[in-house]
Amino acid sequence: MSGSCMTEPRDLARAWQAILGKLQFDLAPANYATFLDGTRALRLEGDTLVAEGNRGNVEEVNGRLRTLIERAAFKVFDEELRVLFVPKGSASATASADEHPARADSAPGDTAGPLVGNVNRRFTFDRHLPAAGNRVARQCCIDVIEGGSLPTSSIVLYGRPGLGKTHLLHALATRASDAGWSVACLSAEEFTSGFTRSLFKHSIEDFHDAVRRVQLLVVDDLQDLAGKKATQKEFVHTIDAVANTGGVVVGASEEHPRDLDLPERLSSRLQGAVTARITAFDAAERRAYVELLARDSNSALPAWAIDRIVGLDAPSVRVLEGAARTAIQLARSNALTMAELDLSLVSNAAREASTGVFAERELLENVARHFQLCFDDLTARSRKPAVTAARAVAAAVMQERGKSLAQIGAVLGRNRGTISDIAERGRGLLEADPALRMRLAG
């Protein structure tokens, strides 16, 4: 989310909860409790985020913790902000309260619930297109909040990469947080990292407090738990703890729980969940999705362009979105012609649909050429900006094509623990340049 959009107190409060959720895993529990527990964001003043701190601790937070907090803020706002803490009850804090007084008719849902992890609030149910292949999964997620006819303590969505599983998970987490629920929203990799870090810091009780006492636990990419015996055992206990206190666990994986490489103790719990498969859009649904993207972008695509995009039979929502956004960008640049659309979209996306996953070597060479590099640059230890950007894009595209974090790390010669962040940066670069995404698809 962009800081420039944080004009409403409610939005700012949500963003602050996301920042605190990240910092809970980065700070020692005692430091978090002393310096950040109970803090709140007050307002945005240009490029400065003003927060209300605890009296007596403000100077130290603005000093030695500032860099860490601003790094977490960057991940949430996607822009560099200076974070400035002011004492609780000070004139600066009071001024903010006077500017935005609490409404007398505020409902419990007006205050976002506590959040551990990070939620992409662009992924909402309103922006998720209902389709035959996702209808059951979508309804399962909605029923968690609205109450359905089939009460359950666990749900698992499954399907190949790029079909919208993560969108539904984050839509659910967003809706639950807005309703005042306590929520933990993590990938399997983030769950593992948080657990491992808590063991190293001798703060396992704090990790348990963060993930076992929530009303909703959301965990994406369950297949990434394979081979992690200690984390698997911890996750079993976490599922049981959340369920035993009336909470709900919702996960997603690329395969049905029975087909995941997990021990029986964990596999049986996941197989006991309500399972919902997600499949690809049909032609009519692809058309509806392209039209939705055009409306959201305040753009109009000619019928012939929509017809050609829909005819791609794209294997995933991500590929379809990339094709549509490229066409939208061409239209905005007054460069949308049938020849240009075919050149930029059809040949590349159709090749992916027909031949499947790019060979890793070919993909990396394609990425390297775009950044005017060679293949060996991507797997070397160079930290030059062009190399790190190319490496991030390669990781993101490989992940979209179904490669696991471990597989991507092996190809790029990187530790698996860093690949998630590298791929996240790459997705941002691809989102900013839809034409690049489509060029790399072929």
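Contact here means heavy atoms within 4.5 Å.

**View 1. Residues of helix α9 meet residues of helix α10 in this predicted model.** On the α9 side, the contact involves Phe 207, His 208, Val 211 and Arg 212. On the α10 side, the residues are Glu 234, His 237, Thr 238, Ala 241 and Val 242. By class, four residues of this contact are nonpolar, three are polar and two are charged.

**View 2. The axes of α9 and α10 cross at roughly 50°.** Helix α9 spans residues 204–212, and helix α10 spans residues 229–244. Their axes come within 10 Å. The two helices are therefore oblique to each other. The crossing of α9 past α10 is right-handed.

**View 3. The pLDDT is below 50 over residues 94–111 and over residues 348–359.** For the protein chain, the average pLDDT is 80, and 84% of the residues score at least 70. Where pLDDT is low, predicted coordinates should not be read in detail.

**View 4. The protein chain holds 21 helices and nine strands.** Of its 442 residues, 49% are buried. Among contacts with a separation of 6 or more, 75% link residues 24 or more positions apart.

Conventions:
Residues are numbered from 1 along each chain as its sequence is written. This is a predicted model: local features need pLDDT of at least 70, side-chain atom pairs count only at pLDDT 80 or more; totals for chains, interfaces and linings use all residues. Side-chain values use heavy atoms; hydrogens and water are left out. Axes are lines fitted to C-alpha atoms, for helices over the stretch in contact, and angles run from 0 to 180 degrees between N-to-C directions. Helices (H or I, at least four residues) and strands (E, at least two) are DSSP runs, numbered from the N terminus. Angles under 35 degrees count as roughly parallel, over 145 as roughly antiparallel, 65 to 115 as roughly perpendicular and the rest as oblique. A crossing is left-handed if the near helix is turned anticlockwise from the far one by less than a right angle, and right-handed if clockwise. Ala, Val, Leu, Ile, Met, Phe, Trp, Tyr, Cys and Pro count as nonpolar, Asp, Glu, Lys and Arg as charged, and the others, Gly among them, as polar. pLDDT is the predictor's confidence in each residue, from 0 to 100. Buried means under 20% relative accessible area, exposed over 50%, partly exposed in between (1.4 Å probe, protein chains only).
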